[in-house]
Amino acid sequence: MGKSDKVKKEIINTTIELLRNKGTASIKEIAALADVNIAAINYHFGDKINLVNKVINIIFNEKIAMVKNLIENKKCDSKEEAAKMFCELTIAFIEENFGVIKYIIADDLISENDNNPTIYTLHQKYLEIYAQAKTVLIDILGNDVTEEQLRAKFAILFSAYLMPLIFQLNASTINDGLAVNRNAIISEMVSLILNKKFY
């Protein structure tokens, strides 16, 4: 790897670390922690928005890779086990990347009337993750479930379980019984996925 690629990789890794740990990243912080000057960041990425979009792509692609790994390995002995693994991977992604998700949501709220590339990236990644999640859900539920039902299940999983988890992670009481709540969330998510009455 050449020096230019090493610098670029260090900038990306530093931005990922800042967003995951703090939920924010200024261009000055990135430059200082990556031990580069601001001109180097602008040279490699154009500006901070392009850098953040690159980082968001990398982080969300990690989620897609996890889902693909679940599909390809198929080591689960039952539908319940497969559904639980899918839910655990999803929640683990949110827990690990809460700062990033918080950053994206805050940016959406501030810039909802702007043509902001970060908003588009979030929507695009949601669709890509759904496309992979759909394959897992079909594998769990069988081919009888329709596209509408799959979209509805995924939307409910996201809005009814994952968004409240995001709000909980943002609360000051994050360490109060989180493990119990996490297990309860997974159990309820699995029940929803396997509930045939829903479809």
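pLDDT is the predictor's confidence in each residue, on a scale from 0 to 100. The structure is a predicted model, in which local features need pLDDT of at least 70 and side-chain atom pairs count only at pLDDT 80 or more, while totals for chains, interfaces and linings use all residues. Residues are numbered from 1 along each chain as its sequence is written, and side-chain values use heavy atoms, with hydrogens and water left out. The chain has a mean pLDDT of 78, and 76% of its residues reach 70 or more.

**Helices and confidence**

- The chain has nine helices and zero strands, where helices (H or I, at least four residues) and strands (E, at least two) are DSSP runs numbered from the N terminus.
- Among these elements, helix 2 (residues 27–34) has the highest mean pLDDT, 94, and helix 6 (residues 98–111) has the lowest, 68.
- Over residues 108–113 the pLDDT stays under 50. For this stretch the model has five contacts (heavy atoms within 4.5 Å) beyond four places in sequence.

**Burial and the nonpolar core**

- Of the 199 residues in the chain, 39% are buried. Buried means under 20% relative accessible area, exposed means over 50%, and partly exposed lies in between (1.4 Å probe, protein chains only).
- The largest nonpolar core has 50 residues. A nonpolar core is a set of buried Ala, Val, Leu, Ile, Met, Phe, Trp, Tyr and Cys residues joined through side-chain atoms within 4.5 Å.
- The residues with the most contacts inside this core are Ile11, Ile41, Leu51, Phe86 and Ile193. Helix 4 (residues 48–73) gives the most to the core, with eight residues.
- In soluble globular proteins, nonpolar side chains tend to be buried together.
- The chain exposes about 11,200 Å², of which carbon and sulfur atoms supply 52%. Accessible areas come from the Shrake-Rupley method with a 1.4 Å probe, and for residues only the protein chains shown count as cover.

**Contacts across the sequence**

- Of the contacts in the chain with a separation of 6 or more, 69% are between residues 24 or more positions apart.
- Arg182 is in helix 9 (residues 178–194). Leaving aside residues up to four places away in sequence, Arg182 touches Glu88, Ile91, Ala92 and Glu95.
- Arg182 and Ile91 are 91 residues apart along the chain, and their C-alpha atoms are separated by 8.1 Å.

**Aromatic pairs**

- The whole structure holds two aromatic pairs. Rings of Phe, Tyr and Trp (its six-membered ring) pair if their centres lie within 6.5 Å; planes under 30 degrees apart count as stacked, over 60 as edge-to-face and the rest as tilted.
- One of the pairs is Phe60 with Phe93, which is edge-to-face because the ring centres are 5.6 Å apart and the planes stand at 70°.
- Phe60 is in helix 4 and Phe93 in helix 5 (residues 79–96), so this pair links distant parts of the chain, 33 residues apart.
- Phe60 counts as buried at 6% relative accessibility, and Phe93 counts as buried at 6%.

**Salt bridges**

- The count comes to four salt bridges, each a side-chain nitrogen of Lys or Arg within 4 Å of a carboxyl oxygen of Asp or Glu.
- Lys22 pairs with Glu29, with the closest N and O atoms 2.3 Å apart.
- Glu147 pairs with Lys134, with the closest N and O atoms 3.1 Å apart. Glu147 lies in helix 8 (residues 147–170) and Lys134 in helix 7 (residues 117–141), so the pair ties together parts 13 residues apart in sequence.
- Glu147 also forms a salt bridge with Arg151, at 3.0 Å between the closest N and O atoms. Salt bridges that share partners join Lys134, Glu147 and Arg151 into one network.
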